[in-house]
Amino acid sequence: MGEAMKEINEKIYEVARLIVHANRVAVFTGAGVSTESGIPDFRSPGGIWSRFDPEDFTIERFLRSKEVRKKHWQLLLEGGFFDQVEPNPAHLAVANLESLGKLSCVITQNIDSLHQRAGNSPELVLELHGNMRWLNCLSCRGRYSLEEVRAGQREATEAPACEQCGGILKPEVVFFGEALPEHTLKKATELAGIADLFIVIGSSLVVYPAAYLPMYAKEGGAKLVIVNRDETPYDSLADVVISGSAGEIMTRILREVIAISRH
Ligand code: APR
């Protein structure tokens, strides 16, 4: 077996041991946990920001321009947020952590609801950047599910409008320039601070305030594990960094946790 393989195996065993001995495990995920479900991430080559201009995704632009709203809707269509995307082994491994009674929360930057679909209890999933399940009318405050909106759409690529008053429908996603949901961020900050193990999966850790959370965890005394394909600014702070596929690595870690727990 090559040196690299041996090193990864040792790291996987180390993380599994940390999980077995931990009481409060907080998992923190980004778009990299969903790429193996077919949803592109943002900053990898070919990612969303290589095809769409992040400037278009500020709340100001969204409110001001019908064209931008159409582009945004097309991103969500193209980003596979509506196709039959399924949770992948990385999501299933995180759901497995909960079923082992180890998980205090899944703090996610993703809006795809795949953690809940993989089996994590909704109350444990803290969606820092909101989700796509609901849309609100900015004029009459009407609230619609995504399914209702899509069913009512004549032209799939047109940005939907409120069927009551024709107002702008905005998904409950946090746009650049908008504040994160206060209660969710507060809860995530609190749980990061008391975690004894903080596992980052599939995030470049460059967008704040979400990216403060691994630091709060370290300051609170947690061990920090990063499972990510590329480097992150937190790698030097982490106790264990495993580079590679989230699906494969997380599946192997959970298999090891179960094996250790049996002895
Ligand atoms: N396995 C492991 N890591 C992966 C995989 C995979 N299959 N696929 C991608 N990655 C890694 C990439 O190496 C990258 O470092 O996941 C990371 C994804 O980083 P980003 O694309 O920056 O996504 P994220 O960190 O979630 O972005 C944060 O930025 O644009 C905003 O609101 C948006 O929530 C998003 C936020």
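What you see is a predicted model. The chain has an average pLDDT of 93, and 98% of its residues score at least 70. Which elements mark the two ends of that scale? Helix H3, residues 66-78, has the lowest mean pLDDT among the elements, at 82, while strand E7, residues 197-201, has the highest, at 99. As a reminder, where pLDDT is low, the predicted coordinates should not be read in detail.

Now the ligand. Where does the ligand sit? It sits in the largest pocket. There are 23 residues around the ligand, and those that come nearest are Glu-36, Arg-43, Ser-203, Ser-204 and Asp-230. Sorted by class, the shell consists of 12 polar, 6 nonpolar and 5 charged residues.

Let me take some contacts one by one. Glu-36 places a polar side-chain atom 2.7 Å from a nitrogen atom of the ligand. Asp-230 also uses a polar side-chain atom, which lies 2.7 Å from a ligand oxygen atom. How much of the ligand does the protein cover? On its own the ligand has 730 Å² of accessible area, and the protein covers 95% of that.

Last, the backbone. Most residues other than glycine have a negative phi, and most peptide bonds are trans. Ser-113 is not a glycine, yet its phi is positive, about 60°. You will find Ser-113 in the loop between strand E2 (103-108) and helix H5 (114-118). The other place is the peptide bond joining Tyr-208 and Pro-209, which is cis, with omega about 5°. Pro-209 belongs to the loop between E7 and helix H8 (213-219).

Key:
Residues are numbered from 1 along each chain as its sequence is written. This is a predicted model: local features need pLDDT of at least 70, side-chain atom pairs count only at pLDDT 80 or more; totals for chains, interfaces and linings use all residues. Side-chain values use heavy atoms; hydrogens and water are left out. A residue is near a molecule or strand if one of its heavy atoms lies within 4 Å of it. A polar contact is a pair of N or O atoms within 3.5 Å; within protein, one must be able to donate a hydrogen and the other to accept it, and residues adjacent in sequence count only if both atoms are side-chain atoms. Accessible areas come from the Shrake-Rupley method with a 1.4 Å probe; for residues, only the protein chains shown count as cover. On a 1 Å grid over the protein atoms alone, a cavity is a set of points where a 1.4 Å probe fits but cannot get out, and a pocket is an open set with protein on both sides within 12 Å along at least five of seven lines; lining residues have an atom within 4 Å of a point. A molecule sits in a cavity or pocket if more than half of its atoms lie within 2 Å of its grid points. Ala, Val, Leu, Ile, Met, Phe, Trp, Tyr, Cys and Pro count as nonpolar, Asp, Glu, Lys and Arg as charged, and the others, Gly among them, as polar. pLDDT is the predictor's confidence in each residue, from 0 to 100. Helices (H or I, at least four residues) and strands (E, at least two) are DSSP runs, numbered from the N terminus.
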